[in-house]
Amino acid sequence: MRALVIGGDGLLGSHLIRKLLAQDIETRVLIQPGSDSPTLDGLSIEKIQGDLLDEGDGLENAAKKCDYVFHVAAITNMWAPRDITWKVNYDATKSVIDACVKNDVSRMIFVGSASSYQFGSLESPGTEENPFPAVYKNVAYMESKFAAMGLVKQAVKDGRLDAVVIAPTFMLGDLDWRPSSGELVRQFVVRRMKAATPGGRNFAYAPDVADAMIAATTKGRPGESYLAAGANLTYLDFFGRVARLVGLEPPRKILPKAVVLAAGAAGSLAAKFTKKPVALNYTMARLALCGTYYSPRKAVEELGMPQTDVDTAIAKTVQSLREYGHIPK
């Protein structure tokens, strides 16, 4: 068997590739030109450099003789220009679908986003049956990933493609060399935050998500979405666990919503005058108040997705941040 992984040098892709190799699946990786890709060093893979936005037959050639195509690449940076985000997350997905169709790929596994579905409460987490969240309207990352997922599902409905959507929540784990999602932990450790925002998230372990993706090649139902979720935690609980692990004082209080929104508004105003992105703008402040909780039930029941203990996932994240020099050892 042979697989193409598009965007394999990030947190999720790095784990996916290792699991594919462990199953003796020949692995070809499409990498953005100029990427350092340290997590792929020494692996027995075929590396192909290519830009998803380039015109031509690069993607089609990359997918030749591949049984599976895993489309992991995306712009997740909330501060990236809106037009670039849409081009990479939406337009490039069209190209990946076309490449799969032309090469008669057995199945495409598309990495979507849990943000495509309305989140729920701790007592009643969100599921794959929920609509797109109104709070994410006009947020380029969320809207573009939701629209790209629609492209994949429509291609399946039209009979052009066999595909499954894996929609991860917020991922933790090692091999986070940039860092990506580990930035949340890094910011807490570096700033020694004494308080948390009122919201929370669902935290998934990246290797568990990779397991679900591989299982989806044979177990997933065509055109179906699976929330690759883990543990639901408030930010106060999550940062408390991080603090105890790294030896810091856990945050004891929750910031008032008005304070968070005011800080975000000030950040947006500063960005407007300086023409530079800020860590906290009004949009990010508004989203920080949300409790984005999801249920992993469907992925567990149909794909056998593991549910690694969240403290293990946090410990692996901290270990990775230390190894790559993002926080003190």
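Arg252 counts as exposed, at 64% relative accessibility. Buried means under 20% relative accessible area, exposed means over 50%, and partly exposed lies in between (1.4 Å probe, protein chains only). The salt-bridge partner of Arg252 is Glu249, with the closest N and O atoms 2.9 Å apart. A salt bridge here is a side-chain nitrogen of Lys or Arg within 4 Å of a carboxyl oxygen of Asp or Glu.

This is a predicted model: local features need pLDDT of at least 70, side-chain atom pairs count only at pLDDT 80 or more, and totals for chains, interfaces and linings use all residues. Residues are numbered from 1 along each chain as its sequence is written, and side-chain values use heavy atoms, with hydrogens and water left out.

**Overall fold**

- The chain has eleven helices and 13 strands. Helices (H or I, at least four residues) and strands (E, at least two) are DSSP runs, numbered from the N terminus.
- The radius of gyration is 19 Å, close to the 20 Å that the globule rule gives for 329 residues, so the chain is as compact as a globular protein of that length. The radius is taken over C-alpha atoms, and the rule is 2.2 Å times the number of residues to the power 0.38.
- The C-alpha trace spans about 55 × 40 × 40 Å along its principal axes.
- Of the 329 residues, 52% are buried.
- Among contacts with a separation of 6 or more, 77% join residues 24 or more positions apart. Contact means heavy atoms within 4.5 Å.

**Surface and charge**

- The accessible surface comes to about 14900 Å². Carbon and sulfur atoms hold 51% of that surface. Areas come from the Shrake-Rupley method with a 1.4 Å probe; for residues, only the protein chains shown count as cover.
- The chain carries 39 positive and 35 negative charges, and their mean positions are 8 Å apart. Lys and Arg count as positive and Asp and Glu as negative; His and the chain ends are not counted. Each charge is placed at NZ of Lys, CZ of Arg, CG of Asp or CD of Glu.

**Salt bridges**

- The whole structure holds 16 salt bridges. Side chains of opposite charge can pair when their charged atoms come close.
- Arg186 and Glu183 form a salt bridge at 2.8 Å, N to O. Both sit in helix 5 (residues 183–191), three residues apart, which means a separation of about one helical turn. Arg186 is partly exposed at 22% relative accessible area. Glu183 is also partly exposed, at 23%.
- Asp237 pairs with Arg241 in a salt bridge, with the closest N and O atoms 2.9 Å apart. They are four residues apart in helix 7 (residues 235–246), so about one helical turn separates them. Asp237 is partly exposed at 29%, and Arg241 is partly exposed at 23%.
- Glu249, the partner of Arg252, is partly exposed at 46% relative accessibility.
- A network of salt bridges links Arg221, Glu224, Lys298 and Glu302.

**Arg192**

- Arg192 lies in the loop between helix 5 and strand 8 (195–196). Arg192 counts as exposed, at 53% relative accessibility.
- Leaving aside neighbours within four places in sequence, Arg192 contacts Gln187 and Leu248.

**Arg322**

- Arg322 belongs to helix 11 (residues 310–323). Arg322 is partly exposed, at 27% relative accessibility.
- Beyond neighbours within four places in sequence, Arg322 contacts Val246, Ile327, Pro328 and Lys329.
- Asp67 is 255 residues from Arg322 along the chain, and their C-alpha atoms are separated by 37 Å.

**Leu20**

- Leu20 lies in helix 1 (residues 11–22). At 1% relative accessibility, this leucine counts as buried.
- Not counting residues up to four places away in sequence, Leu20 touches Ala3, Val5, Ile25, Thr27, Phe70 and Ile214.
- Leu20 and Ile214 are 194 residues apart along the chain, yet their C-alpha atoms are separated by 7.6 Å.
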